[in-house]
Amino acid sequence: MFNSSIDLLQREWIFNKGNQSAPPDFGVCFSGGGNRSAAFAVGVLSALHEQDLLQKVDVISAVSGGSYALSWFLLQPFYHKASKSNPRDALPGVQEEMFDVDGPFQRYLADNAKPLGARGWKDLLLRVAISLPFDLVAFNALRAISLPLGSRAARIANMLNGWSSFRELYREGIQRTYQVFPAPEKRAPVNRTTVWDLGRGASDFLNLTALDVEPVRLPALSAFARSAGLPSFVFNATVVPPRPGKNVPLGHRVFEVGSMGFGSDSCGYLAWEDTENFGWEPGEPAEKGWFWSRSASPYATIRNFNIASAISGAAIDASPLAAPRRQWLLRLTNLGLAYLVPDPASRRHVVRLSDGGHSENLGLYPLIRRRCRNILVVDAEYDPSYGFGAYRRLRDAGIVLDIPDIERRVFRADRPVMEGTTEYGKLFYLKLSMDESLLGDQAEIVKRYAETHPDTFPQESTINQYFGPDRFRAYRALGHAITRTAGRDIGIEIGYSPTTDHAAT
């Protein structure tokens with residue numbers, strides 16, 4: 001176990017720079033906001049790639065919907081590596097295909113950004129109609145039967161209570177959209193997907209690629225990212241502290257799942273190598289019988305990269321951080337999306353993880369902890385009044401930030417990238433907004449959708465996660481267009497000149 005978060009950070013500095021005394025030069029963070037945030041983030045990544053800035057990113061931090069895009073960005077090159085002997089040489093070509101708006105990767109994303117993995121509204125309603133009675137009736141009946149039978153039966157009931165079909169549908173929806181390798185000439189995945197939920201923490205069997213390989217484990221993805229020259233990464237969740245309260249420090253609530261390990265200030269940090277060889281994990285042959293979870297590794301869930309976005313995006317939660325009535329309702333219906341994972345301090349105990357936005361919805365805090373000298377914040381959370389609530393909550397938590405335009409409340413849509421400072425360097429704050437003067441060659445895509453939703457776009461409610469192709473493309477194009485306006489300034493700060501002249505577009 002790490003003695004402190006400093007050990008974790010120094011390992012990441014070696015990941016980035018080969019020097020444990022060299023903090024990252026350039027970090028990017030993607031906010032929460034479901035599919036809206038994910039589509040916008042894909043557009044940002046596309047523009048950074050176009051300007052040759054993506055290769056300069058040292059670390060990416062993401063929350064909830066932003067983590068969908070991060071998982072997609074990291075997994076596609078990983079899936080592609082089987083046919084390449086040198087991942088670093090292959091990466092530019094793979095990314096060129098990934099960000100081609102007419103290619104299979106982007107077509108698949110636009111066609112499949114649906115909630116719960118549904119193919120349409122009828123399919124969505126059918127899935128909910130099947131899962132709700134199962135969660136509501138079956139598990140309440142199990143609890144009622146087990147309570148008089150003593151502690152052993154109660155423990156079995158609690159284990160099975162993690163078998164939430166609603167959480168499984170949500171996770172499967174993320175996987176089907178953002179974690180598959182699409183067929184070259186089809187708008188559909190070439191993989192098969194089979195999801196099993198194994199009680200305490202929900203370990204999965206998954207077949208997610210054209211080669212039907214085993215689920216991707218975080219240590220393997222981390223090793224690949226370093227060998228291919230990809231950034232280090234952080235998926236952010238919220239841990240329920242041992243003694244939850246209003247004055248709990250932010251570092252005690254933010255739970256990181258990253259390239260070197262996982263944990264929080266409230267429960268410590270654990271390196272991936274310390275979680276090896278504790279039992280069965282997804283992708284390995286399972287024992288026959290009804291008690292597979294007995295031999296499962298307690299770390300099987302937290303080591304599974306394909307689950308990281310679902311943990312970070314577990315927006316519905318019955319934890320003590322939620323209001324009492326909400327806790328009661330979600331526990332009664334068994335519809336909570338939160339996960340139980342081993343406490344880094346002791347695998348015999350578990351901690352409860354919910355959506356990263358329950359503590360910090362920008363993903364900025366981990367980059368400040370890493371002392372990033374330059375940070376691009378991508379804020380695509382729902383903010384129709386442009387009050388910058390996520391930024392202000394960080395300030396209220398004691399984080400040193402200063403963005404003059406936000407402080408003076410003078411935000412303008414024609415200047416959506418604002419500059420400021422952190423304790424350690426420069427901050428570029430990119431806000432989801434729309435001004436036609438900035439759209440350039442993305443204007444037709446954005447306007448086509450905006451004209452049909454004039455009262456809500458681009459601040460459509462996060463509750464509506466059903467994205468048709470036009471909607472996904474509009475947010476993606478908007479993220480691309482806005483990011484181009486910041487490319488040159490960012491390049492100057494990190495000592496690099498982007499190849500694309502955004503002023504010419």
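How many contacts beyond four places in sequence does the model have for residues 186-213, where pLDDT stays under 50? Select that stretch: there are 99 of them, a contact being heavy atoms within 4.5 Å, while pLDDT is the predictor's confidence in each residue, from 0 to 100. Now jump to residues 288-294, where the pLDDT is also below 50; here the model has six contacts beyond near neighbours in sequence.

A word on the ground rules. This is a predicted model, so local features need pLDDT of at least 70 and side-chain atom pairs count only at pLDDT 80 or more, while totals for chains, interfaces and linings use all residues. Residues are numbered from 1 along each chain as its sequence is written, and side-chain values use heavy atoms, with hydrogens and water left out.

Zoom out and color by confidence: the protein's mean pLDDT is 81, and 77% of residues reach 70 or more.

Next, switch to cartoon. You'll find 18 helices and 12 strands, taken as DSSP runs numbered from the N terminus (helices are H or I, at least four residues; strands are E, at least two).

Select strand S7 (residues 339-343) and S8: they pair antiparallel over five bridges, where pairing takes at least two DSSP bridges between the strands. Two residues separate them in a hairpin. Show tyrosine 339 and you'll see leucine 353 of S8 opposite.

Threonine 238 faces serine 354 in S8 across the pairing.
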